[in-house]
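I opened this model to look up a few local features and write them down. The entries follow in the order I checked them.

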Amino acid sequence: MILAWLNWGLSLIASAMLALFIVRRNPKVDYRLLVAAAYLGLGCTWHAGLSGSATLLVATPENFLIKGKLLDAVIPVSNTIFSPFNIILTIVILVAVTVLMALMHPRPEKTFVVKPELMDRLKLYEAPPKPAKFASPSTG
């Protein structure tokens, strides 16, 4: 959720990587809950953060809302993203959702775990083979 507050795109990639890291380090974690928790930043904090679409739009001079006479002037990010209300609300959400996720973890007998042999078969990335000879672009 902290990464989502910084940038939604960073959160999208880092959350997936963090989930894989956690399941490899702690195979007893409930995988269903872990995946759901990994993407909570996108649903809970990104819109209140540095890459929130609406907050950045209204802070942009000559945006379509000003041109269409729906806004009189830009609304600076000090009044939206960095307002005390937004920061306090984001912290409350971060703490509350973290506690809720911990409370939602099922008992060991109901936990859905990923078998280690399935994790071993997972290939995160394999670089393509290098070509034997590089072809030079034709000059014509």
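I started with Ser83, which counts as buried at 12% relative accessibility. The model is predicted, and I read the value with that in mind. I placed Ser83 in the loop between helix H6 (64–67) and H7. Leaving aside residues up to four places away in sequence, I found Ser83 touching Val77 and Ser78.

I asked how many aromatic pairs the structure holds, and the search returned 1. The ring centres of Trp5 and Phe82 are 6.2 Å apart and the planes stand at 75 degrees, so I logged the pair as edge-to-face; the cut-off for that class is over 60. Trp5 belongs to helix H1 and Phe82 to the loop between H6 and H7, so the pair ties together parts that are 77 residues apart in sequence. I also checked the exposure of Phe82: at 41% relative accessibility it is partly exposed.

I took residues 84–104 as H7, which has 21 residues. From the first C-alpha to the last I get 30 Å, close to the 30 Å expected at 1.5 Å a residue. Which residues of H7 are buried? I listed Asn86, Thr90, Val97 and Met101. They cover an arc of only 40 degrees around the axis, which puts them on the same side of H7. On the other side of H7 I noted Pro84, Phe85, Ile88, Ile91, Ala102 and Leu103 as exposed. For the packing partners of the buried residues of H7, I wrote down helix H1 (2–6), helix H3 (31–38) and helix H4 (40–44).

I ran the length check on H2, residues 8–25: its 18 residues reach 25 Å from first C-alpha to last, close to the 26 Å expected at 1.5 Å a residue. Its buried residues are Ser11, Ala14, Ser15, Ala19, Leu20 and Val23. I found these buried residues of H2 packing against H1, H3, H4 and H8. At the N-terminal end of H2 I found a cap, Asn7, with a side-chain oxygen 2.7 Å from the backbone nitrogen of Gly9.

How many salt bridges does the structure hold? I counted 2. In one of them, Asp30 meets Arg32, and the closest N and O atoms are 2.9 Å apart. I looked up the exposure of both partners: Asp30 is buried, with a relative accessible area of 2%, whereas Arg32 is partly exposed at 49%. The side chains of Arg107 and Glu109 also form a salt bridge, at 2.9 Å from N to O. Glu109 is exposed, with a relative accessible area of 57%.

At 47% relative accessibility, I recorded Pro131 as partly exposed. I then took its C-alpha to C-alpha distance to Asn7, the cap of H2: Pro131 and Asn7 are 36 Å apart in space and 124 residues apart in sequence.

Key:
Residues are numbered from 1 along each chain as its sequence is written. This is a predicted model: local features need pLDDT of at least 70, side-chain atom pairs count only at pLDDT 80 or more; totals for chains, interfaces and linings use all residues. Side-chain values use heavy atoms; hydrogens and water are left out. Helices (H or I, at least four residues) and strands (E, at least two) are DSSP runs, numbered from the N terminus. The expected span of a helix is 1.5 Å times one less than its number of residues. Buried means under 20% relative accessible area, exposed over 50%, partly exposed in between (1.4 Å probe, protein chains only). The arc is that of the directions from the helix axis to the C-beta atoms. Contact means heavy atoms within 4.5 Å. A salt bridge is a side-chain nitrogen of Lys or Arg within 4 Å of a carboxyl oxygen of Asp or Glu. Rings of Phe, Tyr and Trp (its six-membered ring) pair if their centres lie within 6.5 Å; planes under 30 degrees apart count as stacked, over 60 as edge-to-face and the rest as tilted. A polar contact is a pair of N or O atoms within 3.5 Å; within protein, one must be able to donate a hydrogen and the other to accept it, and residues adjacent in sequence count only if both atoms are side-chain atoms.
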